Amino acid sequence: MLNFPLLTTFGLGYLRPASGTWGSLPTLALAAALIGTGFGPDRAGTLYHAALLLFAMVFALSCLLSGDDAEEHFGEKDPGQVVADETAGMAIPLLALPAWSLASPGLAAFTLAFAFVAFRVCDIVKLWPARQVQSLGGGIGILLDDLIAGVQALVLVQIVLRLGMPG
């Protein structure tokens, strides 16, 4: 059974252009809201991490449970309307942000924006093995390439943040 609200991240998957970019925004907004209200990884880190993990798991499960049906319904492999995979994958680089990278509003904005751009670039370029796993098809193929892109973005964000931090 298709769960359109979750698969399309409450309709964001129908927005054009760049439906995957639209689908990545709710996770970024959740992280920004938690950080902005004092629940970032530096304070009450458990709530920040639990909220992002739960968010990612709900959208990942929707891909796994309904991905096959979505491909059949939309008549294509990894349909653009399904953006729950981007919603889940975006959580990965946000889960490991160092607290110091969020110490001021300006630095936090840069860190979040960079994590977002890094994820989108990794998702679009699909470096090995992301492109290869997409060929699996169905829910696992829809989801796995975005989780890999999330891990790749996490590595990129960590490198840039740690090399760019003085002292």
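**Figure 1. Secondary structure and overall dimensions of the chain.** In this predicted model, the secondary structure of the chain comes to eight helices and zero strands, so that, read from the N terminus, the order of elements is α-α-α-α-α-α-α-α. Taken along the principal axes, the C-alpha atoms fill a box of roughly 50 × 30 × 25 Å. The radius of gyration is 16 Å, which agrees with the value near 15 Å that a compact globule of 167 residues would have. Of the 167 residues, 49% count as buried, and among contacts between residues at least 6 apart in sequence, 72% join residues at least 24 apart. The chain exposes about 7900 Å², of which carbon and sulfur atoms supply 73%.

**Figure 2. The salt bridge between Asp123 and Arg120 in helix 6.** The closest N and O atoms of Asp123 and Arg120 are 2.6 Å apart, and the two side chains form a salt bridge. Both residues belong to helix 6 (residues 105–125), where, being three residues apart, they are separated by about one helical turn. Asp123 counts as buried because its relative accessibility is 4%, and Arg120 likewise counts as buried, with a relative accessibility of 9%.

Figure 3. Salt bridges that share partners join Arg120, Asp123, Lys126 and Asp145 into one network. Lys126 is buried, with a relative accessible area of 13%, and Asp145, at 0% relative accessibility, also counts as buried. The count for the chain comes to three salt bridges.

**Figure 4. Asp146, a buried acidic residue that has no salt bridge.** Asp146 lies in helix 8 (residues 138–164). Although Asp146 is buried, it has no salt bridge, and the nearest side chain of opposite charge, that of Lys126, is 4.8 Å away, whereas a salt bridge requires the nitrogen and the carboxyl oxygen to lie within 4 Å. Leaving aside residues up to four places away in sequence, Asp146 touches Asp85, Glu86, Gly89, Phe119 and Asp123. For the chain as a whole, there are 7 positive and 12 negative side chains, and the centres of these two sets lie 10 Å apart.

Technical notes: Residues numbered from 1 in each chain as written. Predicted model: local features only at pLDDT ≥ 70, side-chain atom pairs only at ≥ 80, totals over all residues. Heavy atoms only, no water. Helix = DSSP H or I, 4+ residues; strand = E, 2+ residues; numbered from the N terminus. Buried < 20%, exposed > 50% of the residue type's maximum accessible area, 1.4 Å probe, protein only. Lys, Arg positive; Asp, Glu negative; His and termini not counted. Contact = heavy atoms within 4.5 Å. Rg over C-alpha atoms; globule rule 2.2 N^0.38 Å. Areas by Shrake-Rupley, 256 points an atom, 1.4 Å probe, with all protein chains shown as cover. Charge placed at Lys NZ, Arg CZ, Asp CG, Glu CD.
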